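Here is a short briefing for a reader new to this structure. Please look over the sequence and the model first.

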Amino acid sequence: MSAKVERYHSKKFKEISSKTLIYILLVIISIIWLIPFVYLVFQSFAQSYSPSNFIPAAWTFDNYINLFTDISYPFGRWYLNTLLIAIITAILQTVFTLMTAYAFSRLRFRSRQAYMKFILVIGMFPSFLGMIVTYFLLQMIGLSASIFGLIVIYVAGSGMGYYVAKGFFDTIPKSLDEAAMIDGANKNTVFWKVILPLAKPIVVYTVLMSFTAPWGDYMMASYIAQGKQELFNVAVGLQQMMTKGNDIKYFPQFCAGGVFVSIGIMALFFWLQKYYVEGVTGGAVKG
Amino acid sequence: MANIKLDHIYKVYPNGVKAVSDFTMDIKDKEFIVFVGPSGCGKSTTLRMIAGLEDISAGELYIDDRIVNDVEPKDRDIAMVFQNYALYPHMTVYENMAFGLQLRHVPTEEIHERVLWAANILGLTDYLDRKPRAMSGGQRQRVALGRAILRNPKVMLLDEPLSNLDAKLRAQMRSEIAKLHQDLQTTFIYVTHDQVEAMTLGTRVVVMKLGEIQQIDSPKNLYDYPQNKFVAGFIGTPQMNFFQATLLRKGDQVEINFEWSDNKLMVDANELIKVQPYYLDGKHKVWFGIRCEDISLLGPGDQVNPEDNFNVKISHFEELGNETLIYGDINMNGDGFKETSTRIIIKALNSNGLNIGDVVKAKLNLEKAHFFDINSEVSIVPRIPTLNVISCKINGHELTFDGNTLTLPKVVEVKEGDGQLYLPINALSIDQNGKVNAKVIKIEQVEDKKLAYLKLNERVLFLLVGDDVKVGDEVKLNIDITQITIKDGEEVLVSTLKKYNEISSTFVNFVTANTNEKNKYNPILNSRIEEVNKSFDEKIKEVNAKYDALIKENSSKDLAAIKEVNNKKIAELTQETNAKLKELDANYKKNIAEVKKEHKVNKKQVVLKVKEEQERIKREENESYKKFLKVNKDKDVYHKRKTEHQDFKENFPKERENLINKAIDGEALNFETALNEIKAPYKRDKKILKNNYKTTVKALKDEYNIIEVLNKERNEELSRLTKQKKVDLAKAKQIFFLKINGHLYQSPDTISNKMIQGLGTKVFVKDFIIEIPNDKIRVSDEGLKATVESFLDYGDKKFVICNVKEEDGSEHEFYVLNDKEIAKGTEIHLTFDLIDTHITEKSMNLRIY
């Protein structure tokens, strides 16, 4: 009898029961989370859309082909637009963000602390608050109806995302900077040749973050496009597709577009993943 | 290879913390200087200021007579080794070492040569293609050293380079660093908190505490002649014994009374002859310090003279193997454990025959004793006493001391009575016509100086002498009356003649001075500008002449023909280089593929091996358990064995996974090293190939483009000269003046630089005090206006005393060395060179020049 009671109170029993509960909860949550994606993928292969069927009645690949061949909308153009915007933004934003982060991490200048706090506070306001002013500013430089205007908007505030990268830079010992400076490097060389190679994980993180934001952006993109189809990105385009003619005819094609859009970002993630995991700081200093 | 001079260097942080105060030191070429002190004493900060990693708040830093306060670290030609190595983790050892040279655009072949040289010296040749994380701590520090010596810097700076290593490795690296210094013959500055490192490595050691220098000296002198109690206690293990005591002179003997103890010593006054007389009155407390090896215990058979030994109560022993430290107390009630001012540590060969609680007799070697002031903790036994103090008597103008009588000049104001005569050693000189007779009883060599002990009748005077004076000589002494002081308690009977004349001044720039003086100084400015112009005109002429000659020389060549030939050569070279590059690429790819394949196989193998081993262990455990079940009949033992087996089963998978991961990690590191060993030489070879190609092609092209090349060279040279001229002209226009009593004196450039360096633009609103030595000021026709007040005749020296009235009404008394008497009331003018003066900022009392 007592042995039995002891078993129910043992540490092992408690561990197993609590783990079981946690896993059940997690499985339920992940099913809820995954269903829309699975649904999207299934519907992208449906011959016709019927809301009552989770699994399509008849399968086809035509939706993907139609995406690029249907002349009623230029999906290819939208995709290229998005890719161009995202790539340029990712490059510029990464450079600016990392430079800002480096400056805040390494240089000591007056009101540095105040600046950092100020940026944090400013970052708490939603960006669309400044939409109208932004529009007038872009109009003044002649970029109000152009995808480059969109790039300017995305890149302009990139320094504000310095926080995570600064935290990473702070962990790189300052004596590396100093050693490089004695070796003959200036701040610029230190940044490009010493700090950046050591900061691969954070570079990857920054690239991913700055790529995904414009890739899925709807609000600014639709605002700048001003209804001109050739300026749409995929998010705006797909939304247009759905509302076209008040019809559900396009829904499978919309799903196909959705799947296609996520492929791009997945490819980028898998390509960059190996740097993400790789830690390279070992051996710099003692230990 | 350089001299370094630190001139009144301060480091003050924005929050007001003074990290380094008034650091002044001259470091000679090839010296090994060690900064040592407890943590927070400013030693690293000083080093970082020399490196340029930290701004200097005040003062000047010279490397080879060039002020480098505002020079970037990379342009100071220094190298530094950091405590945590600071290697670039993403580069191989080779790249780590080559980085500095690459940034300085040194040719690739030379870099290669130098890296191999440094690697050879430090035994790193086999590790060149490894990354730092695949190396041990000692190896990493060696790479850091290699990186530093590679550039052949003027100064090597080492910031606690050994403190991250274990004790054995530290000793080994210490001797390697010493050898490196011998081989390289470079100036080393080394920071450490470890006194063993400091004593063994340094040619001179700087002991620091709370940002201030305590003493700069050779390790031996630090040990033998500490200048204060801190140094005495810091250097040497175990620490020096300190007791509080009073000294009382009783005729030829001095009585030492120890506080909180009944112990008392009577010693011959000659043993304490250098102790400042002020402390021998039995009232002033002093710290009495003696090292543990200078105390010996008296055995039962030894002769006991009650006056030169004292009682120690033994509290405990520390056996060190080759010797024993005996702890005790000179206070019979003390416990000997706490660090009090009665605790004593004695070094002895062994503790045979001694027991805890015994009271034994100890004899001190008083020649090795040290004495410090109780409050300031400064040594009161100077190696070269600067002051002789003797009792004296004044009667009329007759001065009597120790059997000698001198007549003071009539001009000296005296008060009659008994007193103490203070005789600086500078005031004494050996002179045929001297009136004081003395006998040289001893000559002591102190560093490069000779200190003579001169006996008058009873008292001994100190004097620095040359090589011609021998022990036993009878000499005659001359005394410079202007430098003596006679005091009776606090009352001054005879005072020293003022050495410096003070006057206030302000610092004025050229425009202000020139405007106020109605363009009086334009000619000075113009001549300075003209000088610069002239020197540059000459240089430009030279460049042009050289250019013309070269053009003439080359104009006869058939450049078109050369072009054709060279272009053919270039084409050939391009083809050849491309072929070589292809071969390199192919080889590289092949090797990499091989290594990768090997790695795959190896990885599988190591995992398999671990798995097999683990399977075997599992099998054995299962079998043994089964066997146990069969054999065992005891229930208790069964339960025990069962839990053991269950634990094993539970932990086994985790353990196995750990071992597998460890094996994979090890193999991954091997793989990475192997990859680097292919990658790094490949990259290097490729670079060398490309560089060679580039330089050869450029040389070939330059040969037929010679005219353009010459043009370009000349233009570059001219633009460099123009730039330099601009700088020099700006410098020439920087003329400053010191305004003294309404007169403007042009400030020499050295003084101007120091003033501006020290105070910035504030220099123009500050007041300064100028001190002019009385022998550097002359009576002349123009200059400072003064009225003669009186004339002082000291016999061999004569002074005019005059009154200088400043514009604001304040008056100064000036003493001017002058042979001729000038009548009272005469108006004279005084001139002097600013170079001879001292300049001090008034409000902060900051000595500037």
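**Where the chains meet**

Chain A and chain B share seven residue pairs in polar contact, with both partners at pLDDT 80 or more. Helices α9 (174-183) and α10 (187-198) of chain A each supply at least two residues of the side of chain A that touches chain B. The largest share of that side, eight residues, comes from α9(A). Keep in mind that this is a predicted model.

**The contact in numbers**

- The contact draws 24 residues from chain A and 28 residues from chain B.
- Between them, chain A and chain B bury about 2200 Å². Carbon and sulfur atoms account for 62% of that area.
- On the side of chain A that touches chain B, 12 residues are nonpolar, seven are polar and five are charged.

**Salt bridges**

- Two salt bridges are counted between chain A and chain B.
- Arg151(B) forms a salt bridge with Asp183(A). Their closest N and O atoms are 3.7 Å apart. That pair qualifies because the cut-off for a salt bridge is 4 Å.

**Cysteines**

- A search of the whole structure, over all chains, finds zero disulfides.
- Cys41(B) has a relative accessible area of 1%, so Cys41(B) counts as buried.
- Cys292(B) is also buried, at 1% relative accessibility.

**Gly357(B), a loop residue**

- Gly357(B) sits in the loop between β18 (343-348) and β19 (359-364) of chain B.
- Gly357(B) has a relative accessible area of 39%, so Gly357(B) is partly exposed.
- Not counting residues up to four places away in sequence, Gly357(B) touches Lys313(B) and Ile314(B).
- Gly357(B) and Met332(B) lie 25 residues apart in sequence. In space, they are 9.6 Å apart, C-alpha to C-alpha.

**Tyr815(B), a strand residue**

- Tyr815(B) belongs to strand β39 (residues 811-817) of chain B.
- The relative accessible area of Tyr815(B) is 13%. Tyr815(B) is buried because the cut-off is under 20%.
- Leaving aside neighbours within four places in sequence, Tyr815(B) is in contact with residues including Leu497(B), Lys498(B) and Asn501(B). Asn774(B), Ile777(B) and Leu792(B) are also among its contacts, as are Val800(B) and Ile801(B).
- Tyr815(B) and Asp308(B) are 507 residues apart in sequence and 53 Å apart in space, C-alpha to C-alpha.

Methods: Residues numbered from 1 in each chain as written. Chains lettered and ligands numbered in written order. Predicted model: local features only at pLDDT ≥ 70, side-chain atom pairs only at ≥ 80, totals over all residues. Heavy atoms only, no water. Contact = heavy atoms within 4.5 Å. Buried area = accessible area lost by both parts, 1.4 Å probe. Salt bridge = Lys/Arg side-chain N within 4 Å of Asp/Glu carboxyl O. Polar contact = N/O pair within 3.5 Å; in protein donor to acceptor, adjacent residues only side chain to side chain. Helix = DSSP H or I, 4+ residues; strand = E, 2+ residues; numbered from the N terminus. Nonpolar A, V, L, I, M, F, W, Y, C, P; charged D, E, K, R; others polar. Disulfide = S-S within 2.5 Å. Buried < 20%, exposed > 50% of the residue type's maximum accessible area, 1.4 Å probe, protein only.
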